[in-house]
Amino acid sequence: MSLLPAFLDLHGERAVVVGGGPVALRRTRTLLDAGLRVQVIAPDRCDELAALDTDWQPRPYRSGDLRGAAVVVAATSNAGVNAQVVRDARDLGLLVNDASDATRGNLRFPAVAERAGVQVAVSTGRELPMLAQALTERTRDLLPTPEQLGTWTERREAALALPEPQRQADLGALRRDIRRAVGVPA
């Protein structure tokens, strides 16, 4: 099965995470880092999750909890609850991730390498998170430093202001320098 790779700008949108354990913690961090407002619904939550800036509802999941959400994560240790969350989210047309079985939801969280604002997301298309994590670790070393990225951006902006054919020559030189820096033949 092929997945649609996408980067979504959901800053300020509401996300609901059902569950309070270590998996809910990881997903909540990811959602908060992306700028979403996260509501956690769980009778209990781990201490690290309690330390995060979320709206905690200390109770079990109920139908209706997902109204107004953009993203939903089912991350409980109860397969029946997770399945109900997924059904409810799908009925509402929401993006939903089932942390216990990613194939049930329509949203998967990739492994991500990030530096200097450059992000590379890796999904294996299968349930092999160890492979995605290993590829991400390898990729991280290829990402530019903030200084490199700043220099390349300045060079591109300067080249775009030049008349032809100098513009194309400078952009070509920049392209070659970037490819060489990340280990791709020019």
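Helix H3 covers residues 79-91, 13 residues in this predicted model. At 1.5 Å a residue it should span 18 Å, and its end C-alpha atoms are 18 Å apart, so the two agree. The expected span is 1.5 Å times one less than the number of residues. Helices (H or I, at least four residues) and strands (E, at least two) are DSSP runs, numbered from the N terminus.

Asn-78 caps the N-terminal end of H3. Its side-chain oxygen lies 2.8 Å from the backbone nitrogen of Gly-80. After H3 comes Gly-93, with a positive phi near 75°.

Buried (under 20% relative accessible area, 1.4 Å probe, protein chains only) residues of H3 are Asn-82, Ala-83, Val-85, Val-86, Asp-88 and Ala-89. They pack against E1, E4 and strand E5 (95-98).

A nonpolar core is a set of buried Ala, Val, Leu, Ile, Met, Phe, Trp, Tyr and Cys residues joined through side-chain atoms within 4.5 Å. The largest one has 16 residues. These elements each give it two or more residues:

| Element | Residues |
|---|---|
| Strand E1 | 14-18 |
| Helix H1 | 22-33 |
| Strand E2 | 37-41 |
| Strand E4 | 71-74 |

H1 supplies the largest share, 3 residues. A second, separate core of 13 residues includes Ala-69, Ala-74, Val-85 and Ala-89.

Leu-36 is among the residues with the most contacts inside the largest core. Beyond neighbours within four places in sequence, Leu-36 is in contact (heavy atoms within 4.5 Å) with Leu-10, Gly-12, Glu-13, Ala-15, Leu-31 and Val-71.

Residues are numbered from 1 along each chain as its sequence is written, and side-chain values use heavy atoms, without hydrogens and water. Local features need pLDDT of at least 70 and side-chain atom pairs count only at pLDDT 80 or more, while totals for chains, interfaces and linings use all residues.

Notes:
Buried < 20%, exposed > 50% of the residue type's maximum accessible area, 1.4 Å probe, protein only. Polar contact = N/O pair within 3.5 Å; in protein donor to acceptor, adjacent residues only side chain to side chain.
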